[in-house]
Amino acid sequence: MKEVYLDNAATTKPLEVTIEAVSTIMRDYYGNPSSLHKKGIEAENKIKECTTYFANVLGCTEDEIIYTSGGTESNNLAILGVAHAYQKIGKRILTTAIEHPSVGDVFKHLEAEGFEVIIIPVDEKGYVDESFLEEAINEETTLVSIMHVNNEIGTIQNIERIGKCIKAKNSKTFFHVDAVQSFTKVPLSVRKAQIDLLSISGHKFYGPRGVGLFYKSKKVRVLNQLHGGGQQKNLRSGTENVAGIYGMYRAARYVIENQKAILEAYQSAKIYLAERILSEVEGTYVNGEDMETSAPHILNVGFDNVRAEVLLHALEQYQIYVSSGSACASNKVAKSGTLAAIGLKDQALDNAVRFSFSLETTKEDLDYCMDVLKKQVTLLRKFTLGGKKK
């Protein structure tokens, strides 16, 4: 039976260059990068190689790069670190209604601590209400956190315009961007967009799991969340994951060097599958932004009279893997805050399936998916109100 993996927004299959890089570091560069002897210096030099590359890609300096365990830690470090560092100046912080839980739940935690949390609404396509944002910023606003690409519907925010808006209203307000779904897929310069803090996760672009990157502008003070040996300028104590960092670097380098062809492959797969679903499966619709203007690797489709969780498991029987929720909560039965925020109600919240593509996705994969999908949707609808739409 053919296997078709269409849940790449949740995690990607590591590239061979990633696996080889991790293996090489674990085998030959096993020293502690904090050690003063030769093996430690060799490991440290490997990290420096990665840092030089990432700084060049992001348009920042090398001392503004911090390595973490992934997107969740990077988001927590950025938000908690800034909120607590500047709370004497102000406790007003802003985010959107469509953030990943690793941002949204941190804001809920801070609200419980007494911070004033303002939630910026979005329109039916997931775009931030920039007028609301501008009005909400005042002299006590210390932080705004807005994701670049939404992990469920693929909406791409105009981060450069938003950054300028924030700084024009209050130059002392810091701007954090969750770039977990956009890095290597949608261009972004931290300088041009006036970003102060940025989060990246390696396993979203064929790197290892358990490793990420945190960009922190030199002008921002962040309180560390881990106490220990004082590694990485005392912002992230703990022995660096040299193998993971180097694997993430090699994956990023491969994808960026082949970016044009890879992005075209994502977009081609997305449009092909979307057009076939919409034309061949009755009662379907795309959630969020238009296919041509949203992220190339994410497609969110609603299926009338079919629960997404049930369809997910029906496809799984044929080794087709998709998602019914966010990248890190797809195994939980929960309503999507993103879909609710863009105006979906009642059954539509339960009917959304996310397909996300990789550089290995083929037309044959999608044709096989369509053959199974059509049969399963027809079958499942027979068990829901006689197939009548709500």
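Author: Two strands are said to pair if DSSP finds at least two bridges between them. The model discussed here is a predicted one. Within it, Val301 stands opposite Val353 in S12.

Reader: How do you know that strand S10 and S12 pair?

Author: Strand S10 (residues 298–303) and S12 are joined by five bridges. The criterion asks for at least two bridges, so S10 and S12 count as paired, and they run antiparallel.

Reader: What makes S9 and S12 edge strands?

Author: The open sheet of three strands has the order S9-S10-S12, with antiparallel pairing. Strand S9 (284–286) and strand S12 (352–356) each have a single partner strand, so one side of each is left without a neighbour in the sheet. The twist from one strand to the next averages 30°.

Reader: Which helix lies across S9, S10 and S12?

Author: That is helix H11 (residues 363–381), which runs at about 25° to S10.

Reader: How many bridges join S2 to S8, and how many join strand S7 to S8?

Author: Four bridges join S2 to S8, in an antiparallel arrangement, with Ile65 opposite Tyr215. Strand S7 (residues 197–201) is joined to S8 by five bridges, also running antiparallel, and Leu197 stands opposite Lys216. With at least two bridges as the requirement, S2 and S8 therefore pair, and S7 and S8 therefore pair.

Reader: How do you know that the length of helix H7 agrees with its number of residues?

Author: Helix H7 (residues 242–257) has 16 residues, which at 1.5 Å a residue should span 22 Å. The end C-alpha atoms are 22 Å apart, so the two values agree.

Reader: What makes H7 mostly covered?

Author: Of the 16 residues of H7, 12 are buried. Among them are Val242, Ile245, Tyr246, Met248, Tyr249 and Arg250. The elements covering the buried residues include helix H1 (16–28), helix H2 (38–58) and helix H8 (259–280), together with strand S2 (65–68) and strand S8 (212–216).

Technical notes. Residues are numbered from 1 along each chain as its sequence is written. This is a predicted model: local features need pLDDT of at least 70, side-chain atom pairs count only at pLDDT 80 or more; totals for chains, interfaces and linings use all residues. Side-chain values use heavy atoms; hydrogens and water are left out. The expected span of a helix is 1.5 Å times one less than its number of residues. Buried means under 20% relative accessible area, exposed over 50%, partly exposed in between (1.4 Å probe, protein chains only). Contact means heavy atoms within 4.5 Å. Axes are lines fitted to C-alpha atoms, for helices over the stretch in contact, and angles run from 0 to 180 degrees between N-to-C directions.
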